[in-house]
Amino acid sequence: MRASFFRFVSVVVAASAFAVLASAAPQASVPATTEGDFVTRNFKFHSGESLPEARLHYTTLGKPVKDAQGRTTNAVLILHGTGGTGHQFLQPYFAGELFGPGQLLDATRYFIILPDGIGHGKSSKPSDGLHAHFPQYDYDDMVDLHHRLLTDGLNVNHLRLIFGTSMGCMHSFVWGETYPDFMDALMPMACLPVQIAGRNRLWRKMVMDGIRNDPEWKGGDYAKEPTQGLRTALDLLLIAGSAPLLMQKNMPTRDDADKYLDSYFQARLPALDANDFLYQVNASRNYDPSPNLEKIKVSVMWMNSADDFINPPELGIAEREAKRLKNGRFILIPISEKTRGHGTHTEAVVWKDRLAELLQQSAR
């Protein structure tokens, strides 16, 4: 079984059940990586708050290439989901399928950039010390900081591709509208380009309310983690990131399910910080790219999975909104033993042929 705690790639799921239950994959070698930190000073958030130093941690593979005009030609930005980090994309089910020699995003040919979004991983976040006094960042702030990392920190002035999962999927749409000429192609995986409402908003609010209503929460200035609130949040996240077909196959008895749930909490709970978690979920509060989808000019290969609890296909939203993309295509991945619910977005073997299509059709 794969260790679930490397994935946290669902919208707020650091480790979905399907990740734990999936069959083990061969440990393909990952190309050499470089890590660094980029600091923006006196960054002002859309809330009006500011940080003297906003730090973004990042991991890169490969080297940037520029053409005769000084334009970066081979940079690929890969954006994680809520609660995740850039390192999640170094796992064999992603990097092992894409980054190796001769593969689609061969790190000897591409400059691959894996940032930790603000509030995540080794980037600036509430648990660094400000706790509940950390600025209330949103998706526009996160995209702004990614843009600064590229242009000011890594000297990248153009992207061959933006690939985003879950929250990163939503960031992809924001990128396409805010910087329509900055990239050649977008591949958003597992999201919808509309305001988060209906059931999607309900379970997110339940997660946040579960933390805030814990007596140990104390307005975010807690002395010890509000464990009951976090446990409620993890309950909801487990369901949101679930893959029913796979879970039924791998937990065929009541005892199997109970044993998994116990191990899930034992491994996940100690690693969580309630402020970080709450901020990560709350960052989606004002996301809504729907009014400006026509601004996206580049090739878009947008994909959701039919067993995604967070973005259920029966809403029909994706098919409706895809018609507004000038060069966009929406594909619904049918349920199979290879899909992983919301987390299908990181199972490269399921959709990498579509990535190949996108790279070909967007080639200059």
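Two strands are taken as paired if DSSP finds at least two bridges between them, strands being DSSP runs (E, at least two residues) and helices likewise (H or I, at least four residues), numbered from the N terminus. The structure is a predicted model, in which local features need pLDDT of at least 70 and side-chain atom pairs count only at pLDDT 80 or more, while totals for chains, interfaces and linings use all residues. Residues are numbered from 1 along each chain as its sequence is written, and side-chain values use heavy atoms, with hydrogens and water left out.

In β4, L114 is the bridge partner of T59. Strand β2 (residues 50–61) runs antiparallel to β4, and 4 bridges join the two. Strand β3 (residues 75–79) pairs with β4 in the parallel sense over 3 bridges, with A75 opposite F111.

Strand β4 (residues 111–115) is mostly covered, 5 of its 5 residues being buried (under 20% relative accessible area, 1.4 Å probe, protein chains only). F111, I113 and P115 point one way from β4, whereas I112 and L114 point the other way. In a regular strand the side chains alternate between the two faces of the sheet.

The open sheet comprises 8 strands in the order β1-β2-β4-β3-β5-β6-β7-β8, with mixed pairing. Because β1 (34–44) and β8 (328–333) stand at the edges, each with a single partner strand, one side of each is left without a neighbour in the sheet. Strand β6 (residues 185–189) is joined in parallel to β7 (residues 299–305) by 3 bridges, and M189 has M303 as its bridge partner in β7.

Notes:
Buried < 20%, exposed > 50% of the residue type's maximum accessible area, 1.4 Å probe, protein only.
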